[in-house]
Amino acid sequence: MPAATAPNDSIVGFLLLGLFLSLPGVLIAWITGRDGHGWEHGGRVAAWIRALLSPFVWLAIIIVFTVLFTGSVTMLGCLMPGADCLAQ
């Protein structure tokens, strides 16, 4: 029974490798999945699809963290002595 769940688990791993590491992740997935651990069972397609979507995910992460950082710096500026943030 555990052998039936192995390809699904490896496909999730290939998805994550492709998503977070892009092309190096596809290479790692290819090297580690050559001995029958799911590379032939859809892992190749999963890694490539996520590698193609990876730039959009990283762009979203950068935008979110930029907005969070900018907001925190703005809020810290209101804590400075002489800041008049409430008089707007």
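Val 12, Leu 16, Phe 20, Leu 21, Ile 28 and Trp 58 form a nonpolar patch on the surface, together exposing about 530 Å² of accessible area. Such patches are made of residues with over 30% relative accessible area and no salt bridge, with nonpolar side chains (Val, Leu, Ile, Met, Phe, Trp, Tyr) joined within 5 Å. A salt bridge here is a side-chain nitrogen of Lys or Arg within 4 Å of a carboxyl oxygen of Asp or Glu. Accessible areas come from the Shrake-Rupley method with a 1.4 Å probe, and for residues only the protein chains shown count as cover. Helix α1 gives the largest share of the patch, 5 residues.

This is a predicted model, in which local features need pLDDT of at least 70 and side-chain atom pairs count only at pLDDT 80 or more, while totals for chains, interfaces and linings use all residues. Residues are numbered from 1 along each chain as its sequence is written, and side-chain values use heavy atoms, leaving out hydrogens and water.

The protein has 2 helices and 0 strands; helices (H or I, at least four residues) and strands (E, at least two) are DSSP runs numbered from the N terminus. The accessible surface of the protein comes to about 6,600 Å², and 77% of this belongs to carbon and sulfur atoms. Of the 88 residues, 17% are buried, where buried means under 20% relative accessible area, exposed over 50% and partly exposed in between (1.4 Å probe, protein chains only).

The table gives relative accessible areas for some residues.

| Residue | Relative accessible area | Class |
|---|---|---|
| Val 12 | 44% | partly exposed |
| Phe 20 | 43% | partly exposed |
| Trp 58 | 37% | partly exposed |
| Ser 54 | 1% | buried |

Rings of Phe, Tyr and Trp (its six-membered ring) pair if their centres lie within 6.5 Å; planes under 30 degrees apart count as stacked, over 60 as edge-to-face and the rest as tilted. Phe 20 is in helix α1 and Trp 58 in helix α2, so the pair ties together parts 38 residues apart in sequence. The structure holds 1 aromatic pair.

The largest nonpolar core consists of 5 residues: Phe 14, Val 26, Ala 29, Ala 47 and Ala 51. Both α1 (2-32) and α2 (39-77) supply at least two residues of this core, and the largest share, 3 residues, comes from α1. A nonpolar core is a set of buried Ala, Val, Leu, Ile, Met, Phe, Trp, Tyr and Cys residues joined through side-chain atoms within 4.5 Å.

Ser 54 lies in helix α2. Apart from neighbours within four places in sequence, Ser 54 is in contact (heavy atoms within 4.5 Å) with Gly 18, Leu 19 and Ser 22. Ser 22, in helix α1, has a positive phi of about 60 degrees although it is not a glycine. Most residues other than glycine have a negative phi. Of the contacts in the protein with a separation of 6 or more, 57% involve residues 24 or more positions apart.

Methods: Patch = residues over 30% accessible without salt bridge, like charges linked within 9 Å, V, L, I, M, F, W, Y side chains within 5 Å.
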